[in-house]
Amino acid sequence: MRIGLAGAGRIGARHAAALCQLPEVESLVVADADPARARKLAAGLGGAAVAVDPVEDLFTAGLDGLVVAAASAAHAPLVGAAVAARVPVFCEKPLATDLDGTFQIVSAARAAQVPVQVGFQRRFDAGYQAAREAVAAGTLGWLHTVRSCTLDPAPPPASYLPTSGGLFRDCVIHDLDSIRHVTGREVVRVTAAGANRGDAMFREHGDVDTGAALLVLDDGTLGLVAATRYNAAGYDVRLELFGSKDSLAAGLDPRTPVTPVPGDRQPQRAYEGFLDRFADAYDAELRAFVEVAAGRRANPCPPEEALEAFCLAEACDLSLREGRAVDPAEVRRAAGVAR
Ligand SMILES: NC(=O)c1ccc[n+]([C@@H]2O[C@H](COP(=O)([O-])OP(=O)(O)OC[C@H]3O[C@@H](n4cnc5c(N)ncnc54)[C@H](O)[C@@H]3O)[C@@H](O)[C@H]2O)c1
């Protein structure tokens, strides 16, 4: 197969190396808004990779699939162009930077019947998958509480903040997707709060450095989400499920950056960041995409899922700004988005 890659930055370079390891991938065509970056990445991957310039040349390169790992603002135009060219797409989150753009992609992909797989990689993490199976099998009984966290070790550069969409759309969106995916339930109410105790740059960009959300799920389960840019102990992403019969935690292992007290256990080489924590999950989602593009498996994360997660992130943002509980249906109605 001939796979394209749009975006040769941090995650693009990682995805490129993983794609080149797959037996199905005969060639990789790399493009970036910065052509030198694409050339450098392709040159480092050996003979199977070539760079093209401009980025639009991807769409005349005879691709069997396109991986979009460019900066977020470029996602919607790139995915839209791929769908129009009938090329199956894997797109890093977010599909678009706003709800309307996300909805447009959902509609276009649905009308064209072109698969668009969204990069919610936690769906491919072994712990999250085991948690989902346990819920489906009923081994936890009925759930009373779900706790999810995304704790980043250090803040991003200030230049990232204007395009990030804020903590809830940028980070918490993964927690929101995982809670829906693992429990199989929908969120019917969110109440969010935020804090700024770190660098003033977050406040200056209308963002928060730490956030929390209380979710009510449609079966009455309560969800608690915590996220921060200031978890110096390391990168901590966990999902904990507590039920009437049993409890379990995905992401709790010797590398989880948390120290039990009293005790002498120190986390072993704490997770440094997402590339480290989710290496296997990124590989697995790309293997899945190649199968989706070849028409051999169903799409494990269609754009409708990204739309729902985005609605929930918007609901959290609205709750934070207005200091009240928000039913996500309000956000959907305001944006004219039907479920
Ligand atoms: N799923 C995850 O865990 C996860 C983790 C990190 C990043 N991401 C997402 O991946 C995307 C990239 O993040 P990153 O950290 O690699 O960023 P980055 O800044 O390192 O790289 C982005 C690259 O995109 C290029 N680019 C910009 N506009 C382009 C265009 N129109 N066409 C082609 N290339 C273009 C830039 O030149 C840059 O090389 C972001 O959307 C981010 O939200 C997802």
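Mentor: Let us begin at the end of a helix: α3 is followed by arginine 86, whose phi is positive, near 60 degrees. Please keep in mind that this is a predicted model.

Trainee: Which residues of helix α3 (residues 75-84) are buried?

Mentor: The general idea comes first. An α-helix has 3.6 residues a turn, so residues three or four places apart point the same way. In α3, the buried residues are His75, Ala76, Leu78, Val79, Ala82 and Val83. They lie on the same side of α3, because the arc they cover around the axis is only 165 degrees.

Trainee: What covers the buried residues of α3?

Mentor: The cover includes the strands β1 (2-6), β4 (65-68), β5 (89-92) and β6 (116-119), together with helix α4 (99-112).

Trainee: Where else is phi positive in a residue other than glycine?

Mentor: Glutamine 113 is one case, with phi near 55 degrees. Glutamine 113 sits in the loop between α4 and β6, and it counts as exposed because it has 8 C-beta neighbours inside 10 Å, where 12 or fewer is the cut-off for that class. Arginine 269 is another case, with phi near 35 degrees. The loop between β12 (247-250) and α9 (274-277) holds arginine 269, which has 11 C-beta neighbours inside 10 Å and therefore also counts as exposed.

Trainee: Which peptide bonds are cis?

Mentor: The bond from aspartate 53 to proline 54 is cis, with omega near 0 degrees, and proline 54 belongs to the loop between β3 (49-51) and β4. Lysine 93 and proline 94 are also joined by a cis peptide bond, with omega about -5 degrees. Proline 94 is placed in the loop between β5 and α4.

Trainee: How many residues of domain 1 are in contact with domain 2?

Mentor: In domain 1, 13 residues make such contacts, and they meet 13 residues of domain 2. The side of domain 1 that touches domain 2 is made up of seven nonpolar, four polar and two charged residues.

Trainee: How many residues does the largest nonpolar core have?

Mentor: It has 101 residues, and among those with the most contacts inside it are Val30, Val79 and Cys316. Helix α11 (residues 303-322) gives the largest share, 10 residues. At least three residues of this core come from each of domain 1 and domain 2.

Trainee: With which residues is valine 30 in contact?

Mentor: Once neighbours within four places in sequence are left aside, the contacts of valine 30 are Leu5, Ala8, Ala16, Ala38, Leu41, Ala42, Ala49 and Ala51.

Trainee: Is leucine 214 buried, exposed or in between, and which residues does leucine 214 touch?

Mentor: Leucine 214 lies in strand β9 (residues 210-217). Not counting residues up to four places away in sequence, leucine 214 touches Thr191, Leu222 and Leu224.

Trainee: Which residues does alanine 325 touch?

Mentor: With residues up to four places away again not counted, alanine 325 touches Arg189, Thr191 and Ser319. Alanine 325 is found in the loop between α11 and α12 (328-335). Alanine 325 and arginine 189 are 136 residues apart in sequence, yet 6.5 Å apart in space, C-alpha to C-alpha.

Key. Residues are numbered from 1 along each chain as its sequence is written. This is a predicted model: local features need pLDDT of at least 70, side-chain atom pairs count only at pLDDT 80 or more; totals for chains, interfaces and linings use all residues. A nonpolar core is a set of buried Ala, Val, Leu, Ile, Met, Phe, Trp, Tyr and Cys residues joined through C-beta atoms within 7 Å. A residue is buried if 20 or more other C-beta atoms lie within 10 Å of its own, exposed if 12 or fewer, and partly exposed in between; C-beta atoms are placed from the backbone. Helices (H or I, at least four residues) and strands (E, at least two) are DSSP runs, numbered from the N terminus. Domain bounds come from an automatic or database domain assignment. Two residues are in contact if their C-beta atoms, placed from the backbone, lie within 7 Å. The arc is that of the directions from the helix axis to the C-beta atoms. Ala, Val, Leu, Ile, Met, Phe, Trp, Tyr, Cys and Pro count as nonpolar, Asp, Glu, Lys and Arg as charged, and the others, Gly among them, as polar.
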